[in-house]
Amino acid sequence: MLTALFSILVFPGVVFLVAFGFIAEFYDRKLYARMQNRVGPPWFQPWADFIKLAGKESIIPEEANPGVFKFMPVLAFASVASAFLYIPLWREQALLSFNGDIIVVVYFLTIPTLAFFLGGWYSRSIYSTLGAMRSLTQLFAYEIPLLASILAAALLANTWSLGEITVFYSRHPWLWVINLPGFAIAIITLLGKLQKVPFDIPEAETEIVAGTLTEYGGKLLGLFRLMMDVEMVVCAALLSAVFLPFGLSLAAPLGFVLFLFKIFAIISVLSLLRTVFARMRLDQMINFCWKLLAPCALVQVLIDLIVKGVIAR
Amino acid sequence: MHDIRIPVGPQHPALKEPESFRLALSGEKIMEASVRLGYNHRGIEKACEERTYIQDLYLIERICGICSHAHSTCFLQAVEELAGLEIPRRAAYIRSVIAELERVHSHLLWLGVAGHEVGFDTLLMYSWKDREIVLDLLAQMTGNRVNYGINTIGGVRRDISAALAREVIKGVDALEKRTRYYIEVAKEEPTLINRLSGVGVLSRQDVLSLGAVGPTARASGVGRDVRKDDPYAAYGELDFEVITDKHNDVYGRTLVRLKELLESYKIIRQALDNMPEGQLAVKAPRNIPAGEALSRYEAPRGEDVHYVKSNGTDKPDRVKVRAPTLANIQTVALMLEDRYLADMPIVVAAIDPCFSCTDRMISLKQKRQRRRVMRWEELRVYGIEWYRSRGVDFSRLNNSLKL
């Protein structure tokens, strides 16, 4: 019982996740800054930001619905942290696992977007409302290619459980190479999920100030930002579990280092992409996702089905 | 019927200065746009009437932080015309060099702002880092990064030594390499091209009927450039081309500005190589003879117009400034219609607006209305009462501050 509580709350649960999230945010910001010829923040900047926000008053707009307004950051953080428990990290098995947990993880990772929508909608500010609409519209654009590319990998492994996917790919080394196009699609759509350039449309600061977050401040904003850091780590962990399932049978310290390496590699690619692109317009993004990414993801599904047939024979 | 009315400004992250744009949106589409000026009026024209010409020079230079040399030179040209002064050729060349360096720093600044407005912050960081080169050069030549204070009535105040000229050429060479890189980026980066082309379309006809100036006009194929049309300073003796473009959109304006940078480098090199010897300034009289003069100048943003009326004393009777943004701001409402909300920041930024330079105030007087003159003290009381009637009480704050 105590060990279970320890693993949920401390390692590799919430405390580890929060610390990892801050480190990942620092890494992302520093890398982004260095690629832009800037100095970038010191290592403790994300912690300092969080502590500063936590010490500030949370102002709730008069017209906002206070219940929803306060609940949304908590809900988003809780769902992202829960998703982490179902993802295999540096071993073949996740902390919790059952057949069908892929759907649960993807569902948990969709809740932050819904929280952005509801939080923005119930702020009643014009910029928040627009940001809320945009985050929901964007959800419909990136969710299908992301889900399809993850499902393609699952189809090949013939399972609905993330743990069993990693087991399958450990048994069949180098089979994960087939899913690399799907990995590329997933990384691109992840930029949409994490609302980063070129898909930071819901919080485009030069258009709608900060989108959903316009009215948020103090502890609630701090929690939202923490959630976004953690979401980045969790999504990277999900992608590394599904698309980079190698070296999982290594001994504990080496396996852990390999896991960190994979996560930081994925975050580096995300940083690189947000350095080299300009923000897209909403219509351009939807066209791009539906006309290019979704068909590519379907092709990936087709490839996996064919390979599966070959292996079965 | 429009779904949403959204205020962009007077305070908004897309705008660097207070200005109000009201947009009526239907979904993401802008159905109607209106522009309102008047949040940043500083009364500089009026203040000029109470100061001597030499004081006005420094006040005028502070109209704009970016094109300060443009305004001061434009004002001086009018004053020198009134006083009948012919500035030394060396002074004219130095004015041109500073003017082109100013254009370089202004266009690089614009490039960064444009990048930021379309969410391409890397471009902002890159171009502003390169802008440091030209700002450092300006600081070396004049002592200041902005508001150079190099002009004086009848010439310039500082010389450019041969060693300094070599430094400038070296800096210009470095900048030229970077500019060619930016042109390459602008021609190849797909997300940037997607965001810029087809946005903020302004046909040649619109430019002519709305009287747009500067790169805004030149990107629609109208080759308006005061440096060629009505040469001032040393431009008559220098060889350069007026860059025009046929894209008619924000992408065209980007290309025009980038290519103008190359022309500016050309002008700077020529002017430094062929700089005539001679004195820096001629002696100017304290009192300027009565008369009126209009002067034109091609600022980085377009044609700048100054009108000065003198009355024989050491203070002008009237000074009138028409900054280039005033000529261009009319085009914004037209360019915004039927576009997406996401295009709004870049369309506004594409005219390279300078709102506080262009700001003006109009008061409409009814026929039998009495004119009220308020003293400072009365104005304060009026302000406190105005806020109190709207439920905000500043009187307590007032007691503690003891103004």
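**Basis.** I note that this is a predicted model, in which local features need pLDDT of at least 70, side-chain atom pairs count only at pLDDT 80 or more, and totals for chains, interfaces and linings use all residues. Residues are numbered from 1 along each chain as its sequence is written, while chains are lettered from A and ligands numbered from 1 in the order in which they are written.

**Sheet β6-β7-β8, chain B.** I recorded an open sheet of three strands in this order, with antiparallel pairing; two strands pair if DSSP finds at least two bridges between them. Strands (E, at least two residues) and helices (H or I, at least four) are DSSP runs numbered from the N terminus. β6 (291–299) and β8 (316–322) of chain B are the edge strands, each with a single partner, so one side of each has no neighbour in the sheet. For one bridge, I found H306(B) partnered by V321(B) in β8(B). I then saw helix α3 (residues 68–83) of chain B packing on the sheet, where α3 touches β6, β7 and β8 of chain B and makes about 150° with the direction of β6(B). Angles run from 0 to 180 degrees between N-to-C directions, the axes being lines fitted to C-alpha atoms, for helices over the stretch in contact.

**Sheet β1-β2-β3, chain B.** I found another open, antiparallel sheet of three strands in this order. β1 (4–8) and β3 (29–36) of chain B stand at its edges. Five bridges join β1(B) to β2 (residues 20–26) of chain B, and P7(B) stands opposite R22(B) in β2(B).

**Domains of chain B.** The assignment, automatic or from a database, gives domain 1 (4–36) and domain 2 (44–358). I read 27 Å between their C-alpha centres.

**Chains A and B.** I found 22 residues of chain A in contact with 25 of chain B. α9 (205–208), α11 (252–276) and α12 (282–312) of chain A each give two or more residues to the chain A side.

Note on methods. Contact = placed C-beta atoms within 7 Å.
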